[in-house]
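Reader: I have a structure to read. Where do I begin?
Author: Let us take one feature at a time.

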Amino acid sequence: MTPVVRVLLFGRLRDVAGWRERIYRPAPESLSALRAMIATEDAALAAALESPGVRAAVDQVLAQGDAVLRSGAEVAFMPPMSGG
Amino acid sequence: MIRLVSESFDPGAELNRFSRGRTVTGAVVSFLGLARGESGQAVALELEAYPGFTESEIAAFVDAAIDRFGLQDAAVIHRVGPIPPGEPIVLVLTAAPHRREAFEGCDCLMDYLKSRAPLWKKEHGADGSRWVEPTARDLSDIERWA
């Protein structure tokens with residue numbers, strides 16, 4: 001089976017991209033490879049992902065810097081948070 | 001106890017349930033946030049969460065607040081999805097032996113929810129929609145607890 005990575009976008013990132021969830025196949029091997037893959041297809045989204053306060057989680061754990069992605073990994077990109 | 005709910009809830013019933021049977025608690029503090037409608041401004045709010053991640057992140061912060069302030073218990077109930085003006089968005093409850101700890105714990109938890117919890121808020125107004133990000137005030141509020 002081809003390895004895949006599931007990418008989730010939240011808040012304004014979803015509006016920038018025009019999608020909420022997408023499967024990347026074949027799977028990028030790292031978070032930085034995923035960012036590069038996104039940059040080739042959507043420069044505006046890639047820029048939004050680099051903007052201040054945007055954080056990434058891999059398998060529901062906040063990523064510090066780059067991270068290795070296993071097959072089937074879930075990657076979430078999250079803009080600055082605001083509840084209440 | 002952390003709950004994300006997509007329907008309106010009864011804050012009084014939640015406060016009663018939280019307070020019941022507490023024989024060694026001297027103080028329960030509650031904060032209720034309402035969806036605020038301003039004329040010509042936001043007509044509805046929409047809250048987005050990351051199911052699973054949002055609850056576990058909030059739960060970890062609540063556990064840390066319980067330790068830090070010496071709380072006996074704390075609860076957060078937060079709406080997700082569309083919220084009409086006047087409806088509850090968030091209820092934070094804290095229980096402690098004495099009031100000061102309960103007030104401070106509740107205040108700290110609200111500051112966290114406004115600027116650090118994985119929740120995203122969109123305002124739908126007469127002139128379109130916009131994502132709300134923490135204000136300078138929100139960011140300085142959470143710094144009070146650093």
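Author: This is a predicted model. Start with a helix pair. Two packed helices are described by the angle between their axes and the distance between the axes. In chain B, the axes of helix H2 (residues 53-69) and helix H3 (residues 99-115) cross at roughly 155° and come within 10 Å.

Reader: Are H2(B) and H3(B) roughly parallel or roughly antiparallel?
Author: Angles over 145 degrees count as roughly antiparallel. So H2(B) and H3(B) are roughly antiparallel to each other. Their crossing is right-handed.

Reader: Which residues make the contact?
Author: H2(B) brings Glu57(B), Ile58(B), Phe61(B), Val62(B), Ala65(B) and Phe69(B). From H3(B) come Glu101(B), Glu104(B), Gly105(B), Cys108(B), Leu109(B), Tyr112(B) and Leu113(B). By class, this contact has nine nonpolar, three charged and one polar residue.

Reader: What should I look for in the backbone?
Author: Most peptide bonds are trans, and most residues other than glycine have a negative phi. Now look at chain A. The peptide bond from Arg25(A) to Pro26(A) is cis, with omega near -5°.

Reader: Where is Pro26(A)?
Author: In the loop between strand S2 (21-24) and helix H2 (31-41) of chain A.

Reader: And which residues have a positive phi?
Author: Asp59(A) is one of them, with phi near 50°. Gln60(A) has a positive phi of about 65°, and Gln60(A) is not a glycine either. Asp59(A) sits in the loop between strand S3 (55-58) and strand S4 (61-62) of chain A. Gln60(A) lies in the loop between S3 and S4 of chain A.

Reader: How exposed is Asp59(A)?
Author: Asp59(A) is partly exposed, at a relative accessible area of 29%. Gln60(A) is partly exposed, with a value of 29%.

Note on methods: Residues are numbered from 1 along each chain as its sequence is written. Chains are lettered from A and ligands numbered from 1 in the order in which they are written. This is a predicted model: local features need pLDDT of at least 70, side-chain atom pairs count only at pLDDT 80 or more; totals for chains, interfaces and linings use all residues. Side-chain values use heavy atoms; hydrogens and water are left out. Axes are lines fitted to C-alpha atoms, for helices over the stretch in contact, and angles run from 0 to 180 degrees between N-to-C directions. Helices (H or I, at least four residues) and strands (E, at least two) are DSSP runs, numbered from the N terminus. Angles under 35 degrees count as roughly parallel, over 145 as roughly antiparallel, 65 to 115 as roughly perpendicular and the rest as oblique. A crossing is left-handed if the near helix is turned anticlockwise from the far one by less than a right angle, and right-handed if clockwise. Contact means heavy atoms within 4.5 Å. Ala, Val, Leu, Ile, Met, Phe, Trp, Tyr, Cys and Pro count as nonpolar, Asp, Glu, Lys and Arg as charged, and the others, Gly among them, as polar. Buried means under 20% relative accessible area, exposed over 50%, partly exposed in between (1.4 Å probe, protein chains only).
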